[in-house]
Amino acid sequence: MQSRYNPVEIEEKWQKIWTEQGLYQTEKENNKPKFYALSMFPYPSGNLHMGHVRNYTITDVIARKSRMQGYRVLHPMGWDAFGLPAENAAIARQVHPAKWTYQNIDQMKSELKQLGLSYDWDCELATCSPDYYHWTQWIFLQFFEAGLAYQKEAAVNWDPVDQTVLANEQVDSQGRSWRSGALVERKMLRQWFLKITDYAEELLNDLDTLTGWPERVKVMQAHWIGKSVGAYLEFPIVGLEEKIGVFTTRPDTAYGVTYVVLAPEHPLTAKVTTPEQQAAVETFIQEVANQSELERTAEDKPKRGIPTGGKAINPFTGEEIPILIADYVLYEYGTGAVMGVPAHDTRDFKFAKEKNLPIKVVIAPTTADVATAAQTPLQEAYTEPGIMVNSGDFDGNNSVEGKQAIIEYAQQQGYGKGRIQYRLRDWLISRQRYWGAPIPIIHCPDCGAVPVPDADLPVELPEDVGFTDGKVSSLAELEDWVNVPCPNCGTAAKRETDTMDTFIDSSWYFLRYPDAKNGKQVFDPKQTNDWMPVDQYVGGIEHAILHLLYSRFFTKVLRDRGLLNFDEPFQRLLTQGMVQGLTYLNPRTGKWIPSAQVDPAAPKDPETGEDLSVSYKTMSKSKYNGVAPKEVINKYGADTARMFILFKAPPEKDLEWDEADVEGQFRFLNRVWRLVTEFATKNTEYSTVTPKKLSKPEKDLRRAIHTAIKDITEDLEGDYQFNTAVSELMKLSNALTDASCKDSPVYAAGIETLVLLLAPFAPHIAEELWQEIGHTDSIHLQNWSQYDPEALVADEVTLVIQVMGKTRGTIQVPAQSDKQTLEKYAIESEVAERYLQGKEIKKVIVVPGKLVNFVVG
C-alpha cells in the first residue's frame, strides 16, 4: 500500500491496465439501453490546449457515469484532419501534409491517453485517411444523384495569398482573410454547391424538436436560415423586354417605390446602363469588386451607389423610376435587386436623402390625421404598421392586412406573387487546395460532369506534390492525375480539381463511428441506426451555426436516401465555455507580454517599465497566456486537472485559470487519499450492511452519504452542474473525516460511496483506492450508487423560537412533531423560560418544522 499519493505513477499504471483489459471497448450486444457520448473531434494541430481538456473531460464524466448506470456506451474519438494548416506547415517545414498531420495525431493521441479518457480507440477515424474519404466521396455522389450537388459560376471571396475560396465567415470586418490576413478579392469562379436550401424549411421547423439544445443555439440557427414571408414583384425596364424582380417583406409599401437598385454584378446592369453613365458605372463596379461581402453589407458603413441612367416602371403607379447600382446589394442574395421605399425603410431613407431621390409616404401612423400625414415631409423613415395612403384603391386599409391584399392584386395583374424566401444560401463546397477530399467527378467534353464509378472510389490524393512559390501544388497542376478517360465513353477527359470544404468531412463523422472499420459500405445502417442519434454532444459555441447546421442537413439527406431512420443527429447539446488565462497588455504599444516575464504583484512591461493592463482572455499563443495541459499533468496529475476544470465554473460559462485553485483540487485528492488509505489500513475486512438500529452519529452520517448520492446524481443529469457535484464530493469527504462512528458499517459504506462517486471525475485515484479497500474488479464496472429516500429524512430538526418576531434561540425537536407538540416543546424550553417570564402570551404562531413565534402583552 502506498503511503503517499503519487498521481503520475498511479495514472500510468491504470492507463496501461485499462488498455490491456480493453475496459472501454464498445459492447456489441444491444441488450442494454444505449448511450452515445460524443465530443466534437479536434483538428490535429500538434498539442492539446486547455479548451480540449475541458471539452473532453466533460464528455468523459458523462460517459463514465452512464456506464455505471447500466448503459452500453459508445464514446469514440477521431481527427478532423484535412485543411489549410497542414498545407501551411508543409510549406514552412518542407514536409508532406500527410506526414505532418499523422505526426500530430500521434502526439495528440498520447496526450489524450494521459488524461485517462474512456475512449474506444477501436472506433478511431481520421478524415484525411482514404478509408474515410472514400465514403465522403460516396456521400457526395449520393447528393449528386439526388440533384443536390451542382456547379455554377459564382462570385466568391478569393484569398490571393492562400490561393483559395473563403466562406463569408472566414472574412473579417476589415475584409481580410481570417488566416493569411490578405485583403480578400471578389472573383467569378465555377464552383460546386450543395442545395441546402431545399431543406431550409425542415431545418427551421425541426429546431422546435431539439428540446435538449441551448435556446441561443437554436435562435442563431433560425436567424441564419432567415425565413422571410413576402412577395416577389417585377418592375418592367423602359426600352427593354426584361423586368427587374425583387423580393420584399413589405408589399404594402409597393406604391411608395421611387427607385430600384441592382447589384453591380447583376447581368442586367450592363443592359440598363446608358452611354453617358457607362464609364462611371464601370469604375464603380471595379471598386466594389475589391470589397468583401462583409464590407459591402456592414451596418456601420455608408451605402454607396450611382445611377445607371436606366429607368424602370413601378407597375402599381405607372411612374418611371430610376435604376441605380449600389454596394449593399449582392447578386447572390435574393434576386440581386431591391426596391427603394425611402419613406418606410431606414436605410432607403438615408440613401434617398444622399442621392436626392423622391420620398413618397404610403403608410401613415394610426394615431395621425391620415390626410395630413400623406402630404407631410418626413424627418425620418416611418417603419411601423399603419394606415395605407397614396396607394390607390388600397387607401384606408390597415397596412398589415394590406400586405396580402397587394399580393393578391399583383397576382391578378401579373406584377408578382406571394413568396417565402430564406437568408440561407446553397453551400459552396469547392476549395482550390490540395489537402482535402477530391470531388469524385470527371469532366468529359461529350458527357459533361460524370460521377466516378463506386468501384473506382476512393479518388486518392496524389502524393507527388511540390512546395514551391510559397504554396503546395494544387491538383490542377498535376497533369498525370488530372487527365483520365471518361468512365462513360472513354473520351479523353479531366478530373475535377477542386477539393471539398472540410466541413463536409465533419458533417457525417458521427455516423461512421458505430461502424468505423467497415470497408464495404459507408456504414451498416443497422448499427448506425441502433446507436444514433447522439445522446450527448459537447463542443464550442463557435460551431453553433455551420457545423451543426450542415450535420443536420446531411442527416436529413441520408435519411431520404434510405440510410437513416431518424431526423436529427444530436439529441442533447452542451456548448462549453472558453478557458481563459491571465493576460498582460501594454496599452500604449498594444503588445501582449508573456506572463512568465511579469511579476503579478506589480505588472510592468519588462522592456519599458510601463504599467500593464491585466485581464482574463481566452487562452491563445498570440496572447502568451496559455497553460500546457502536459505541464499541469506532470506536476499535479490528470485527475487534478480534470477536477479543477470541472469545479472552477459551470460548464457553459467561461473558466478563469488559476494555479491556486488547481492546487486546491490537488489538496482535496490528497485528503481523500489519506482518508481512504487510513480506512484500508485499519480494516482489512469490513461490512457495509446497515445495522437495524443506528446511533445518532450513524444516522447523521448516513444522511450525508445519501444526500451526496442524490445531489451528485442530479448534478450529472439535466442541466449538468459538474462544479456543484465536486462540491458535494467535498462535503461527503468532510462528513466522513468528522464522523465519530468510524468503526460502523455506515462509515465503511460512506468510504465506498465516496470512491464510487469520485470515479467519473478522477478515474485513476478512484480505481487505485477501490483496489486498496479490497476490491479486485474495476471500479468503472461497478453500479452507480442509489440513494435511499428514507435515509434523507431527519429524526430531528432545529426549531427557531421567536418572541415578537425576534429570534431568541433554537432547540432540537422530533422532525414529525405536529403544531400542538411544537408549541409545547417551545413553551417548556429554556429559551421561553428566559424571555417569557412575567409576560402574558397573547398568541402563538407555529410554522411546522421551522419556528414558533410568541406574541406577548
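1. Let's start at Pro514, which lies in the loop between helix 16 (509–512) and helix 17. Keep in mind throughout that this is a predicted model. Pro514 has a relative accessible area of 11%, and it counts as buried because the cut-off for that is under 20%. Leaving out residues up to four places away in sequence, Pro514 touches Tyr36, Leu74, Gln527, Thr528 and Trp531.

2. Now the overall picture. The protein chain has 857 residues, of which 53% count as buried. It contains 27 helices and 31 strands, and its C-alpha trace spans about 100 × 85 × 65 Å along the principal axes. If you take the contacts with a separation of 6 or more, 72% of them come from residues 24 or more positions apart.

3. Which residues touch the most other members of the largest nonpolar core? Tyr509, Phe553 and Phe761 do, in a core of 180 residues. Tyr509 is worth a click: apart from its neighbours within four places in sequence, it is in contact with Leu38, Ser39, Met40, Phe41, Leu125, Tyr132, Tyr537 and His547. There is a second, separate core as well, made of 34 residues, with Leu262, Val272, Val341 and Ile406 among them.

4. On to helix packing. Two packed helices are described by the angle between their axes and the distance between the axes. For helix 21 (residues 659–682) and helix 25 (residues 763–772), the axes come within 9 Å and cross at roughly 15 degrees. That angle is under 35 degrees, so the two helices count as roughly parallel to each other. Their crossing is right-handed. On the helix 21 side the contact uses Leu669, Val672, Trp673, Val676, Thr677 and Ala680, and these meet Ile765, Glu768, Leu769 and Glu772 of helix 25. By type, that contact has 7 nonpolar residues, 1 polar and 2 charged.

5. Helix 25 has another partner to look at. The axes of helix 1 (residues 7–21) and helix 25 also come within 9 Å, but they cross at roughly 85 degrees. Helix 1 is therefore roughly perpendicular to helix 25. From helix 1, the residues involved are Ile10, Glu11, Lys13, Trp14, Gln15 and Trp18; from helix 25, they are Pro763, His764, Ile765, Glu767, Glu768 and Gln771.

6. Is helix 20 (residues 638–647) enclosed or open? With 9 of its 10 residues buried, helix 20 is largely enclosed by the rest of the structure. The buried residues are Ala638, Asp639, Thr640, Ala641, Arg642, Met643, Phe644, Ile645 and Leu646. Note that the charged residues Asp639 and Arg642 are on that buried list.

7. Next, Tyr150, which is found in strand 3 (residues 149–159). At a relative accessible area of 22%, Tyr150 is partly exposed. Not counting residues up to four places away in sequence, Tyr150 touches Gln191, Trp192, Phe193, Lys195 and Asp426. As for Asp162, it is 12 residues from Tyr150 in sequence and 25 Å away in space, C-alpha to C-alpha.

8. Finally, some backbone details to check by eye. Most residues other than glycine have a negative phi, and most peptide bonds are trans. A cis bond joins Leu457 and Pro458, with omega about 0 degrees, and Pro458 sits in the loop between strand 18 (448–451) and helix 14 (479–482). The bond from Met532 to Pro533 is cis too, with omega near -5 degrees; Pro533 is in the loop between helix 17 (525–531) and strand 22 (536–540). On the phi side, Asn390 has a positive value near 50 degrees. Asn390 is in the loop between strand 13 (387–388) and helix 13 (399–413), and is partly exposed at 25% relative accessibility. Met804 has a positive phi near 55 degrees and is found in the loop between strand 28 (796–803) and strand 29 (806–814).

Definitions and conventions
Residues are numbered from 1 along each chain as its sequence is written. This is a predicted model: local features need pLDDT of at least 70, side-chain atom pairs count only at pLDDT 80 or more; totals for chains, interfaces and linings use all residues. Side-chain values use heavy atoms; hydrogens and water are left out. Axes are lines fitted to C-alpha atoms, for helices over the stretch in contact, and angles run from 0 to 180 degrees between N-to-C directions. Helices (H or I, at least four residues) and strands (E, at least two) are DSSP runs, numbered from the N terminus. Angles under 35 degrees count as roughly parallel, over 145 as roughly antiparallel, 65 to 115 as roughly perpendicular and the rest as oblique. A crossing is left-handed if the near helix is turned anticlockwise from the far one by less than a right angle, and right-handed if clockwise. Contact means heavy atoms within 4.5 Å. A nonpolar core is a set of buried Ala, Val, Leu, Ile, Met, Phe, Trp, Tyr and Cys residues joined through side-chain atoms within 4.5 Å. Buried means under 20% relative accessible area, exposed over 50%, partly exposed in between (1.4 Å probe, protein chains only).
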